[in-house]
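Welcome! Take a moment to look it over, then read on.

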Amino acid sequence: MTKNLNVELPRQGLGGAPLGNLFDTVPEEQARATLDAAWESGVRLYDTAPHYGLGLSERRVGSALAGRSGYLLSTKVGRLLVPTDAGDTPDDDHFAVSAGLQRVWDFSGDGVRRSLEDSLERLGLPAVHIALIHDPDDHVEQAIAEAYPALAELRDEGVVRAIGVGMNQWEAPLRFVRETDIDVVMLAGRYTLLDQSGLPLLDECARRGVRVLAAGVFNSGILATPEPSGTYDYQPAPSPLVERARRIAEVCDRHGVTLPQAAMAFPLRHPAVATIVVGARAPEEVTANTALWSRSVPTDLWDDLESEGLLPKNG
């Protein structure tokens with residue numbers, strides 16, 4: 001089945017969470033240099049969200065895209081940012097920003113419209129192209145019953161071109177694919193070299209013509225460097241996973257491929273995956289990722305990973 005999207009999705013996009021000071025502060029000049037490097041490297045899809053740094057990512061992305069054209073911009077709904085008297089208290093949700101605002105879950109129709117209006121104000125841009133329902137893990141029923149119809153109306157009105165859902169799990173997005181008429185799914189971390197649990201969702205997306213934006217391809221860090229280390233799903237990587245990643249890296253090395261190069265290439269093997277979305281916090285990361293992206297990955301690599309039990313057959 002083929003779905004007629006109102007957007008043509010590129011193969012590579014920039015994820016905006018690091019630019020919202022995920023884990024550590026990214027200085028303003030560095031953030032702008034990162035966005036400029038992405039543009040100069042040919043990246044034309046930019047993904048952000050109110051959640052990322054309490055609006056900081058949206059402001060930075062909007063400022064960098066001002067005056068430019070020919071890009072696709074994705075943001076998200078589900079969390080409203082409202083003032084709080086917390087002052088300079090640090091944010092308690094992984095972002096190195098002051099908690100002058102607080103996130104309030106709201107998947108109502110009115111909340112969706114208000115969220116997009118607020119996002120456009122922070123972005124300083126006239127429109128976004130893709131709107132995603134963000135992390136409705138504990139609010140799936142309301143998101144399907146209220147947030148989705150509101151986004152569908154906005155799509156019909158031409159306010160946005162495509163709508164969907166973005167999550168770190170695959171089960172709830174599968175409901176959206178089956179029960180609604182969404183265009184895209186952003187799936188983070190569930191179809192990677194280390195985790196293919198999202199395959200049932202991707203197969204259903206392929207059957208129904210829903211396009212997938214694969215995010216979290218490095219599983220938050222463990223696959224981001226030639227020698228695996230760091231975090232897995234935002235927690236210290238367990239030793240068995242580090243060892244599995246090392247075995248994958250060894251096979252990659254035999255084929256002249258680095259671990260992050262394979263991690264970026266892997267999701268695009270599935271016919272439902274249109275785009276990989278990779279975050280960056282420095283221009284050097286963008287340049288490195290783009291260089292890896294431009295190199296082809298031999299088919300024999302996937303065959304060897306399957307034969308050694310490191311990927312499922314036809315994984």
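In this predicted model, Tyr 46 stands opposite Leu 73 in strand 3. Strand 2 (residues 45-47) and strand 3 pair in the parallel sense, with three bridges between them.

**Strand 3**

- Strand 3 is mostly covered, since six of its six residues are buried.
- Leu 72, Ser 74 and Lys 76 point one way from the strand, while Leu 73, Thr 75 and Val 77 point the other way.
- Residues on both sides of strand 3 are buried.
- In a regular strand, side chains alternate between the two faces of the sheet.

**Aromatic rings**

- Seven aromatic pairs are found in the structure.
- One of them is the stacked pair of Trp 39 and Tyr 46, with 6.4 Å centre to centre and 20° between the planes.
- Both partners are buried: Trp 39 has a relative accessible area of 15%, and Tyr 46 has one of 1%.
- Another stacked pair joins Tyr 191 and Phe 266, at 4.8 Å centre to centre and with 25° between the planes.
- Tyr 191 sits in the loop between strand 8 (184-188) and helix 6 (199-208), and Phe 266 in the loop between helix 8 (259-265) and strand 12 (273-279), so this pair ties together parts that are 75 residues apart in sequence.
- Tyr 191 is buried at 6% relative accessible area, and Phe 266 is buried at 0%.
- Ring pairs also link Trp 39, Tyr 46 and Tyr 71 into a cluster.
- Arg 44 lies over the face of Trp 39, 3.6 Å from the ring centre.

**Helix 4**

- Helix 4 (residues 140-156) has 17 residues and reaches 22 Å from its first C-alpha to its last, close to the expected 24 Å.
- Where does helix 4 have a kink? The kink, of about 30°, lies at Ala 147, shortly before the proline Pro 149.
- The buried residues of helix 4 include Val 140, Ala 143, Ile 144, Ala 147, Tyr 148 and Leu 151.
- An α-helix has 3.6 residues a turn, so residues three or four places apart point the same way.
- Among the elements that cover the buried residues of helix 4 are strand 3 (72-77), helix 3 (109-123) and strand 6 (130-134). Strand 7 (162-167) and helix 5 (171-179) also belong to this cover.
- After helix 4 comes Gly 158, whose phi is positive, near 80°.

Notes
Residues are numbered from 1 along each chain as its sequence is written. This is a predicted model: local features need pLDDT of at least 70, side-chain atom pairs count only at pLDDT 80 or more; totals for chains, interfaces and linings use all residues. Side-chain values use heavy atoms; hydrogens and water are left out. Helices (H or I, at least four residues) and strands (E, at least two) are DSSP runs, numbered from the N terminus. The expected span of a helix is 1.5 Å times one less than its number of residues. The bend at a residue is the angle between axes fitted to the seven residues ending there and the seven starting there. Buried means under 20% relative accessible area, exposed over 50%, partly exposed in between (1.4 Å probe, protein chains only). Contact means heavy atoms within 4.5 Å. Rings of Phe, Tyr and Trp (its six-membered ring) pair if their centres lie within 6.5 Å; planes under 30 degrees apart count as stacked, over 60 as edge-to-face and the rest as tilted. A charge sits over a ring if NZ of Lys or CZ of Arg is within 6 Å of the ring centre and within 35 degrees of the ring normal. Two strands pair if DSSP finds at least two bridges between them.
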